[in-house]
Amino acid sequence: MGDIKRFNNHSALAKYAGLVWNQYQSGEYEADETSRMRTGNKYLRYYLIQAADKVRRYDSEYAAFYQKKHDEALKHKHKRALVLTARKLVRLVFTLLTTNQLYTPPERRG
């Protein structure tokens, strides 16, 4: 990934990792089911998706987000929800790296 300052925002980092979708639209029409773009750093994408899968298992916020996206998807529910969760993780990683902070997980309620 290199220096985080190369990227203007989290969207640029997500695009570099290949966690973006094609858009099909014409006038008022916008397609509901679109494919993920096949560009970007495949190794970074792989590791971000693997990390998102682990994070969703231990963090309730990410688990709820994953479940919401899983329920919304029409096809490829697990894959789509996992990639969207990785996209959410990119926002966190970008923020932590630009502010030079450590991640502190939310406290568990018991």
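Predicted model: local features only at pLDDT ≥ 70, side-chain atom pairs only at ≥ 80, totals over all residues.
1. Which residues of α3 are buried? They are Y62, F65, Y66 and K69. These residues take up an arc of only 100° around the axis, so they sit on the same side of α3. Note that a lysine, K69, is on that buried list.

2. Turn to the face of α3 that points away from the buried side, and you'll find the exposed residues S60 and D71 there. As for the buried residues of α3, their cover includes α2 (42-58) and α4 (77-99).

3. Have a look at the start of α3 too: D59 has a side-chain oxygen that comes to within 2.9 Å of the backbone nitrogen of E61.

4. Now the core. The largest nonpolar core counts 19 residues, and L13, L19, L48, I49 and V90 have the most contacts inside it. At least two residues of this core come from each of α1 (10-17), α2, α3 and α4. The biggest contribution is from α4, which gives seven residues. As background, nonpolar side chains in soluble globular proteins tend to be buried together.

5. V90 deserves a click in the viewer. What does V90 touch, once neighbours within four places in sequence are left aside? Its contacts are H10, L13, A14, L19 and L48.

Note on methods. Residues numbered from 1 in each chain as written. Heavy atoms only, no water. Buried < 20%, exposed > 50% of the residue type's maximum accessible area, 1.4 Å probe, protein only. Helix = DSSP H or I, 4+ residues; strand = E, 2+ residues; numbered from the N terminus. Arc of directions from axis to C-beta. Contact = heavy atoms within 4.5 Å. Polar contact = N/O pair within 3.5 Å; in protein donor to acceptor, adjacent residues only side chain to side chain. Core = buried A, V, L, I, M, F, W, Y, C linked by side-chain atoms within 4.5 Å.
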